[in-house]
Amino acid sequence: MAASLESAPDLRVSVPLRAWSTGIRVLGGSERASAYRSIALWWAGSRVLVFAAVLAAQALRWPRESWYPSISEHPFALLEAWDGRWYRTVAEHGYLVVPQDQSNIAFFPLYPALVKALGAVGIPHSVGGLLLANVGFLVGLLALYELGRTWLTDADAKRMAIYAALFPFGFVFSMLYPEGVALAAVALAGLLAVRRRWLLAGLAAALATLARPEGVFLALPLAVLAARRWRELSPNERGSALTAVLAAPAALGAFIAYAWTTFGDPLASQTAQRAWGRILSLDGPVRAVEELLSSDAFQGEWLWRDAVFCLVYVVCLGLALRAGVPRGWVVSGALIVLLPLFTGTFTSVSRFGLLALPVYAGLAFAGRRRWLDVSFRLVGGVLLVVGSMTILYRWP
Amino acid sequence: MRSRAVVVTLAGAVAGAALIGFGSFGLISSLAAPTGDERLGIRVVERLQSWRSGGAVLHLEGRSVSASCRRLAARRRLIQLGDGERLLLVGRRVRSQIPEGDRSPAGLELRAVKAYLAGSRSLYLAALKARLVRGRDVLIGPTSVGGLPAYRIRIGNDRPRTELVVAQETLTPLEASYRSARVSGWSSLRPPETESGC
C-alpha cells in the first residue's frame with residue numbers, strides 16, 4: 001500500500017528531502033543520484049526519438065512536399081508549428097486583440113516572456129523556445145520523480161518520470177509550447193508545498209498558471225495539503241501556506257487585469273478562444289460527443305485520438321486514486337482533463353492532460369506488473385515517434 | 001488574542017498573494033504593449049467589420065471603369081464591372097463568370113486585383129488582420145482625399161503592396177491601391193446604395 005504524504009509526519013528533516021535542497025553534492029553515489037541519471041537518460045533518449053522523427057518527416061517530406069521547408073533552411077520546423085507560431089508572435093510583438101478573430105491573447109504569457117528574455121541576450125526565439133521547452137521538461141521529470149516519491153514508492157516514482165518521458169503525446173514537451181516549463185512549475189509547486197516551502201510553492205504555482213491555465217487547479221491540492229497540516233503549522237507558516245493556495249488564482253487575476261487594462265476586456269483570452277470554436281457552456285460535453293460522432297473521416301480520426309487519450313487519462317486517474325495519490329491531486333487532474341470538454345470539443349485534450357500529474361502515477365501503479373511496464377515503454381516509444389512524425393496532420 | 005492572530009495570518013496571506021499578483025502583472029507587462037500603430041489597425045478592423053462597400057471606380061492599366069459589389073449570400077459576392085465583366089467572390093477566392101477567361105498568371109492576378117479594388121470588405125479585413133497578427137507596421141502616414149484628412153494604411157504582405165486610405169475621423173475606407181511587378185492600380189470606394197453592399 002502506498003504512503004500518502006498528506007498524512008505523513010513533518011518531512012523537512014528527512015534525509016532524501018534534504019538531498020534535493022542541498023544539491024548535487026549529496027546525490028553522489030546515492031540511490032537518488034542513480035535515479036536522476038536514469039531519468040535524465042530516458043529524457044535524452046525520448047528527446048532523440050522526437051527530434052529524429054521530426055527530422056525524418058521533414059527530410060522525407062511525407063506525405064506532402066509543400067508542407068515542409070527544407071532542413072537546411074529551417075531544421076526542426078515541425079516543432080515550431082501550430083501554437084508555436086502564436087507564442088512567437090507574443091514573444092516578438094506582445095499581445096494584440098483582433099476583434100472577432102483568432103488573437104494571441106489566447107496564449108498565456110510566461111513562456112513567451114521567457115523566450116523574449118532569452119532573445120534579449122542574443123538567443124534566437126526559435127532556439128530559445130526549444131531550449132526552454134526541453135530543459136524545462138527535464139526539470140519537470142526530476143521534480144515529478146521527487147513528488148512521486150511522496151505519493152508512492154521510489155520505484156513507482158521512477159517509473160512515473162520514465163513514463164512521462166515516453167508518453168505518446170510527450171512530443172509536445174519538445175515543441176515551441178509551454179508544456180515543458182509548465183510541467184516543471186506544477187511538479188515543483190507540489191513538491192515545495194510537501195516540504196513546507198510554502199512561499200516558493202506559491203511562486204511555482206503562480207508561474208505554472210502564467211504558463212498554462214491548468215496551473216490554476218494547483219490551488220486545490222495545495223489547499224488540501226495546507227488544511228491537513230494546519231494544526232502543525234506555526235502562525236507564520238499558516239500565512240505562507242494560505243499565500244501558496246492563493247498564488248495561482250492571483251496570477252490568473254493578474255492576467256485578467258492585464259487584459260482589462262490593456263484591451264478593455266478582462267476575458268479577452270477566453271473571448272479569443274471562441275475564434276477557435278471553443279465556447280464554454282454547460283452542455284459542452286454533449287456538444288463534444290456530438291462533434292465526435294458527426295465528424296468526417298479525416299477530422300474524425302484525430303478527434304477520436306483525443307477522445308481515446310481522454311479516456312486513458314480518466315482510467316489513469318482512477319488508478320492513481322487506488323494507488324493512494326492524494327485526492328486533491330486526483331481531483332485537480334480530473335478538472336484538467338474534463339473541464340475542457342465544457343468548451344464543446346475533445347480537441348487538444350490529449351495535450352491538456354499532460355499536466356495532470358496523477359495520470360503518470362496511475363500508469364506507474366499499473367506498471368508494477370513487469371509485462372505492463374515493458375509494454376508501456378515499448379508502446380510509448382513507438383507512439384512517441386508516430387506522434388512526432390504526424391505533427392503537421394493535426395495540431396496537438 | 002486568538003482572533004487577532006487569525007486576522008494577522010489572513011492579512012499576511014492576502015498581502016503575499018497580492019505581491020505575487022503584482023509580480024505576475026509585471027512579468028506580463030514585460031511583453032511589448034500594443035503600439036499606437038497597432039491600436040489604429042485594430043480600430044480600422046472594427047470599422048471594416050461594420051462597413052459595407054457599394055463598389056468603386058477603378059483606375060487600372062491607364063483606364064477607369066466603375067464596379068458595383070453586391071452581396072449574394074454569406075460568403076458570396078458578385079462584382080460587376082462597367083465593361084461587362086462579372087466576378088464572383090467566394091470567401092477570398094475570385095472566379096470569373098467567363099469560363100474561357102485569361103488563365104495566365106498575369107490574367108489571374110489582374111482578375112484578383114479587380115476584385116480587390118472593387119471594394120471587397122472581406123479581402124481588406126483578411127489582409128489587415130494578417131498584417132496585424134504578424135506584427136508588421138500598419139500606418140504609412142497621414143494624407144487627404146478631397147480635402148478630408150485621412151490615413152494611409154498598409155494591409156496584407158509587403159509584396160504586392162496593398163494599401164487602404166481611411167478617413168481620420170470615421171476610419172471609413174475611401175480608397176484602395178495595389179502595386180506589384182505586373183499590375184498597378186487604385187480605386188475610389190463608394191458606400192452602398194442599398195443594404196446589399198459587400
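Mentor: A residue counts as buried under 20% relative accessible area, as exposed over 50%, and as partly exposed in between. The model here is predicted. In it, A:Arg88 has a relative accessible area of 25%, so A:Arg88 is partly exposed.

Trainee: Is A:Glu92 buried or partly exposed?

Mentor: A:Glu92 is at 34% relative accessibility, so A:Glu92 counts as partly exposed.

Trainee: How do I read a salt bridge, and what separates the closest N and O atoms of A:Glu92 and A:Arg88?

Mentor: Side chains of opposite charge can pair when their charged atoms come close. A:Glu92 and A:Arg88 form such a bridge, with 3.4 Å between the closest N and O atoms. Both sit in helix H4 of chain A; because they are four residues apart there, about one helical turn separates them.

Trainee: Which residues do shared partners join into one network?

Mentor: A:Asp83, A:Glu179, A:Arg212, A:Glu214 and A:Arg351 are joined by salt bridges that share partners. Take one bridge, A:Asp83 with A:Arg351, where the closest N and O atoms are 3.4 Å apart. That pair links distant parts of the chain: A:Asp83 is in helix H4, A:Arg351 in helix H16 (residues 349-352), 268 residues apart. Both partners are buried. Over all chains, the structure holds 24 salt bridges.

Trainee: Now the rings. How many aromatic pairs are there over all chains?

Mentor: The structure holds 26. To read one, check centre distance and plane angle. A:Tyr95 and A:Phe255 have ring centres 5.8 Å apart and planes at 45°, so the pair is tilted. A:Tyr95 lies in the loop between helix H4 (83-93) and helix H5 (110-120), and A:Phe255 in helix H11 (residues 235-263), so the pair ties together parts 160 residues apart in sequence. A:Tyr95 is buried at 0% relative accessible area. A:Phe255 is buried too, at 4%.

Trainee: What kind of pair do A:Trp302 and A:Tyr393 form?

Mentor: A stacked one: 5.6 Å centre to centre, 25° between the planes. A:Trp302 is in helix H14 (residues 297-323), and A:Tyr393 in the segment after helix H18 (370-389), 91 residues apart. A:Trp302 counts as buried at 13%, whereas A:Tyr393 counts as partly exposed at 21%.

Trainee: Where does the charged end of A:Arg394 sit?

Mentor: Over the ring of A:Trp395, 4.3 Å from its centre.

Trainee: Last topic, the interface. What area is buried between chain A and chain B?

Mentor: The size of an interface is often given as the accessible area lost when the parts come together. Here that area is about 2700 Å², of which carbon and sulfur atoms give 74%. A:His93, A:Leu96 and A:Tyr258 supply 21% of what chain A buries against chain B, more than any other three residues. The contact takes 39 residues from chain A and 29 residues from chain B.

Trainee: How many salt bridges cross the interface, and which helix of chain A gives the most residues?

Mentor: One salt bridge crosses. B:Lys129 pairs with A:Asp101, the closest N and O atoms being 3.1 Å apart. On the side of chain A that touches chain B, H4, H5, helix H9 (198-211) and H11 each supply at least two residues. H11 of chain A gives the most, with 16 residues.

Key
Residues numbered from 1 in each chain as written. Chains lettered and ligands numbered in written order. Predicted model: local features only at pLDDT ≥ 70, side-chain atom pairs only at ≥ 80, totals over all residues. Heavy atoms only, no water. Phe/Tyr/Trp six-rings, centres within 6.5 Å; stacked < 30°, edge-to-face > 60°. Buried < 20%, exposed > 50% of the residue type's maximum accessible area, 1.4 Å probe, protein only. Lys NZ or Arg CZ within 6 Å of the ring centre and 35° of its normal. Contact = heavy atoms within 4.5 Å. Buried area = accessible area lost by both parts, 1.4 Å probe. Salt bridge = Lys/Arg side-chain N within 4 Å of Asp/Glu carboxyl O.
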